[in-house]
Amino acid sequence: MRLTKATDLALRIAMRLAVLDADDAPTTREVADAVAVPYSHAAKVVTRLRHLGLVEARRGRGGGLALTRAGRTASIGWLVRELEGEGDVVGCEDEPPCPLRSACRLRGALRRAQESFYATLDPLTIDDLVSPPTGPVLLALTPRPT
């Protein structure tokens, strides 16, 4: 199974925000630069994380992004499910639909494998993912402007 680029980016942005001090709220552009992605992609992902209640964005002077408590403690399995959607690993119902779909055992096996993948991520949180050695690397990605 492979995650979409948006899910990968959402996890990296959340991890970056998790290692910053509460009063060090970066802008979306600064986060995009730190995780080496285009600003437009980061902005879309930040919007999605805000709608999920995981990131708070403050505008104006002294504004910026901050990971919420929910963002720190939410299950990674839950987050990936939310970002990836409930779709199947394979497109059995795509056009044209698979001719085996009425008697296929592969679809069920792949669903169970997908759920096992998510279940492995369920006990993890963003805080878990940024524990050493990852946290210090995230802090060193891009020096903050002074």
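Where does Pro133 lie? In this predicted model, Pro133 is in the loop between α7, residues 126-129, and α8, residues 134-140. The peptide bond that joins Pro132 to Pro133 is cis, with omega at about 15°. A cis peptide bond also joins Glu95 and Pro96, and there omega is about -10°. Pro96 belongs to the loop between α5 and α6.

The helices on either side of it are α5, which covers 76-84, and α6, which covers 106-121, and Val90 lies between them. Val90 is partly exposed, its relative accessible area being 33%. Together with Met1 and Val89, Val90 makes a nonpolar surface patch of about 240 Å².

Val89 and Val90 also take part in lining the largest cavity. The space inside the largest cavity is about 30 Å³, and the structure has one cavity of 30 Å³ or more. Empty space of this kind is what is left when a probe the size of a water molecule is rolled over the atoms.

The cysteines come next. A disulfide is a covalent bond between two cysteine sulfur atoms. How many disulfides does a search of the whole structure find? The search finds zero. For Cys92, the closest cysteine sulfur is that of Cys98, and the distance of 5.9 Å is too far for a bond. The cut-off for a disulfide is a pair of sulfur atoms within 2.5 Å. Cys104 is in no disulfide either, as its nearest cysteine sulfur, in Cys92, is 6.0 Å away. Are Cys92 and Cys104 buried, or are they partly exposed? Cys92 has a relative accessible area of 10% and is therefore buried, while Cys104, at 29%, counts as partly exposed.

The last stop is Ala36, in the loop between α2, residues 28-34, and α3, residues 39-51. Its backbone is worth checking on the model: phi of Ala36 is near 60°, a positive value in a residue other than glycine. Ala36 counts as exposed because its relative accessibility is 67%, and the cut-off for that class is over 50%.

Notes:
Residues numbered from 1 in each chain as written. Predicted model: local features only at pLDDT ≥ 70, side-chain atom pairs only at ≥ 80, totals over all residues. Heavy atoms only, no water. Patch = residues over 30% accessible without salt bridge, like charges linked within 9 Å, V, L, I, M, F, W, Y side chains within 5 Å. Areas by Shrake-Rupley, 256 points an atom, 1.4 Å probe, with all protein chains shown as cover. Salt bridge = Lys/Arg side-chain N within 4 Å of Asp/Glu carboxyl O. Helix = DSSP H or I, 4+ residues; strand = E, 2+ residues; numbered from the N terminus. Buried < 20%, exposed > 50% of the residue type's maximum accessible area, 1.4 Å probe, protein only. 1 Å grid on protein atoms, 1.4 Å probe; cavity = no way out; pocket = protein on both sides within 12 Å on 5 of 7 lines; lining within 4 Å. Points joined across faces, edges and corners; volume = space filled by probe spheres on them.
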